[in-house]
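Have a look at the structure first.

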Amino acid sequence: MHNSPRTVSEALLRTNLNELSHLLASELAMSCKKIAIYSPDHPVGQKALEKPFLLLAKYFQFRSTVTIAIQRTNLIICNIALKDAVYHSQIIQPMQMNDITVLLFDQNISMKEFGVFMERFVKRVKQDDPNYHFMTFLSRRNIKTVEANTERAFKLFEEQRQYRGEVDDDFSVRRFTLDQLGTDPSVLAQLAETPDSELITHCIDFHPNLVRYLMPERVTSLPTREFRKELERLSSVISGQPESDPDREKNVRKFVSLLKLAELHPESANILKQLSTFDLVPAVGSAPPKVDPKSSTGKIKTEALSQIESLLEEYCSDGSQSYEITPFSDAFERLLKTGLKEKASSILTRLTELLSDSNPGRRQQALSLLSRAIDQLNFQTDFRLFEDLVKQVVVQLTARRETFEYSELIWRVCDRAIRERKFSLMAEISACMATRRYQDGSVTVYDSMAVKKAFESLNRPEIIDRLIKETINADHEIGNQLKRIMVSIGSEEIAFALSQIVAHPLRQVRQQSLRILAEMGKSALVVFSRIVNDDNWFEREIGRQELPDAKWYLIRNSIFVLGNLKDRDAVAPLRLRISDNDIRVRREIVTALEKIGGEEAVDLLLLMAEDSSHEIRETAVAAIGVIGTPEVVPMLTDLLNRNSSEAIKVISVLGKLGGEDARAYLSRILNSEDDLNTISAGRHSKDDLRLAIVKALGTIGDRPALNQIREYRDSLSAAQKFLFKNSPLQRTISEILSKS
């Protein structure tokens with residue numbers, strides 16, 4: 001029943017031995033039950049033998065032996081302790097009855113021999129029966145493919161690693177074979193020189209072709225430092241041994257074996273650099289060994305390179321109709337596992353370049369291969385390859401050389417980056433794509449269909465949900481990367497998702513979400529305008545002025561975002577709420593309008609300058625002074641004539657705005673007792689008003705304004721000048737004119 005595979009495939013290496021062992025146990029238990037009733041020659045008995053025998057045959061595809069052991073009533077198959085099952089007793093009881101601790105099945109077992117074994121295994125035999133001892137029975141029947149409690153069986157059971165079948169773990173053929181190889185460089189070098197037939201003596205019962213296939217993977221995974229350390233240790237030993245020492249030749253052979261093994265390591269140049277023992281080992285020479293295509297290690301690399309080149313030639317040829325990419329996937333993974341990273345990188349580059357090919361079929365084929373290659377990359381060992389791929393995509397996007405297939409490539413790359421939490425790479429691509437999008441009024445325009453399609457892929461609900469969750473838990477660095485991503489995508493869906501966390505209990509989450517939204521432009525404007533326009537958010541109990549906290553925090557942050565966007569279109573939704581009973585809402589609107597600026601914002605501030613609250617009136621007027629222009633002066637003077645409650649502040653703002661109208665109005669009321677009486681209206685002293693007017697004219701500071709101040713000073717009588725010599729008004733006039 002020798003079933004060693006001629007070729008090793010990734011599908012075979014991914015076979016789950018835990019599932020196979022549990023299946024073998026269940027079928028073997030059922031077979032035991034039926035053989036105890038029917039003979040192996042009976043049709044029912046024959047059928048009962050077939051399933052476990054075929055499962056053994058499947059196991060023998062990977063290894064030369066199958067062991068079944070019991071340990072403290074636990075059933076263990078091929079060193080996998082199985083989950084407890086009621087049917088295990090059908091196997092455990094016969095083993096206990098026959099005083100068997102470990103059974104071993106050899107790969108050469110035949111169906112007939114298996115039937116003889118099973119018949120005796122389940123049969124109750126008296127102690128005085130010549131066949132009572134199990135191994136005696138097998139020997140008399142000349143069955144050498146089944147062993148019970150032999151030294152070899154115990155060695156394979158006790159000296160190999162034990163696994164727990166009830167836990168979630170990697171039970172693949174690859175993992176088990178690599179575990180048997182171990183991680184000791186010297187042992188691996190010895191195994192590389194060991195004939196296939198003798199591997200079993202090292203407790204390696206996986207087939208030699210699997211061992212040879214996976215040897216480069218194991219070597220590639222070894223830390224460079226450990227490899228180098230072992231070579232230096234042997235080098236030191238050899239250097240201290242005289243040539244007459246019989247152990248020296250043995251150590252030299254070990255050293256040479258390690259050097260050959262180092263050929264498989266991607267860092268072989270660093271491992272072999274400046275080893276002092278090269279001159280002591282004539283077989284090696286004075287320089288690090290080069291890969292010999294005829295050596296076992298060289299053959300492995302040559303085959304891997306040849307295979308991938310052959311497949312690419314086949315896939316990318318003009319007449320290729322094949323889209324079966326599993327062989328390529330296996331070959332590319334082989335490159336990665338054997339440390340041929342430079343070749344793998346060149347393959348990724350070549351496939352990316354093919355996405356710009358004039359042949360649509362070739363582009364689609366290249367995309368399929370690239371997608372599979374991206375899935376194959378291990379971010380622990382192959383991260384540099386992924387980085388290089390991202391850089392290449394960015395270069396193509398920047399140069400505007402992308403084809404429509406790039407949309408799928410970008411999605412694949414970003415999806416993998418999200419799964420691996422490598423947000424910096426996704427941010428790099430998304431930020432580059434954002435440069436290919438612009439606003440034409442209220443319409444978003446893309447200059448590339450590939451970029452538009454890629455953004456649509458990134459705007460999926462599951463992606464947005466993941467980005468939001470990451471934002472909540474992110475540190476400063478990752479938070480900035482996520483910000484770049486979400487601002488680059490810039491969709492209404494992201495803006496809405498962020499609106500759900502602007503009132504988050506954690507302050508840093510609120511701040512981060514608001515920072516992102518402040519840079520999202522029209523998308524954030526649409527979402528938060530919708531919130532401010534929604535009357536449901538402004539409902540409160542009858543007679544209550546303030547909004548409930550839950551609503552207030554959302555409204556406050558919505559107004560804050562609208563202000564930070566500095567988009568003139570944000571004025572419209574704010575206009576609806578300037579008369580809200582909650583003074584906090586009106587206060588936030590004034591602040592937002594000041595940030596937005598423009599004529600419409602000023603007009604709205606003029607309305608709010610007549611608010612019932614002194615605080616709102618004052619801040620509204622102050623905001624006009626920041627964003628207003630001289631053109632607004634007539635409206636301010638009209639406001640002052642009708643409502644002088646904020647006269648001091650309005651006069652100050654007139655000075656800041658300046659212009660001929662402001663100067664003329666200030667000059668007139670400075671010299672008019674009637675105007676001053678009207679404006680003061682019992683709320684302000686006329687001296688305070690005059691002081692404010694002089695300061696305002698001083699702020700304007702042009703020659704006509706300064707002349708008005710001089711004229712006012714000169715118009716004072718000698719008595720007034722003497723009496724008010726040290727008054728604030730006189731000091732202010734002196735200071736202003738002294739600087740002119």
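How much space lies in the second largest pocket? About 430 Å³ lies there, in what is a predicted model, where local features need pLDDT of at least 70, side-chain atom pairs count only at pLDDT 80 or more, and totals for chains, interfaces and linings use all residues. Residues are numbered from 1 along each chain as its sequence is written, and side-chain values use heavy atoms, without hydrogens and water.

A pocket here is an open set of points on a 1 Å grid where a 1.4 Å probe fits, with protein on both sides within 12 Å along at least five of seven lines; lining residues have an atom within 4 Å of a point. Of the 23 lining residues, Q439, T444, G490, S491 and S523 are the closest to the centre of the second largest pocket. These elements each give two or more residues to its lining:

| Element | Residues |
|---|---|
| β7 | 437-440 |
| β8 | 443-446 |
| α21 | 449-458 |
| α23 | 476-489 |
| α26 | 522-533 |

With four residues, α26 gives the most to this lining.

Now to the helix pair. The axes of α9 (residues 185-193) and α12 (residues 246-262) come within 9 Å and cross at roughly 90°, which makes α9 roughly perpendicular to α12 (65 to 115 degrees). Their contact (heavy atoms within 4.5 Å) involves, among others, L188 and A192 of α9 and L258 and L261 of α12.

Overall, the C-alpha trace spans about 145 × 70 × 60 Å along the principal axes of the protein.

Notes. Grid points are joined across faces, edges and corners, and a volume is the space filled by probe spheres set on the points. Axes are lines fitted to C-alpha atoms, for helices over the stretch in contact, and angles run from 0 to 180 degrees between N-to-C directions. Angles under 35 degrees count as roughly parallel, over 145 as roughly antiparallel, 65 to 115 as roughly perpendicular and the rest as oblique.
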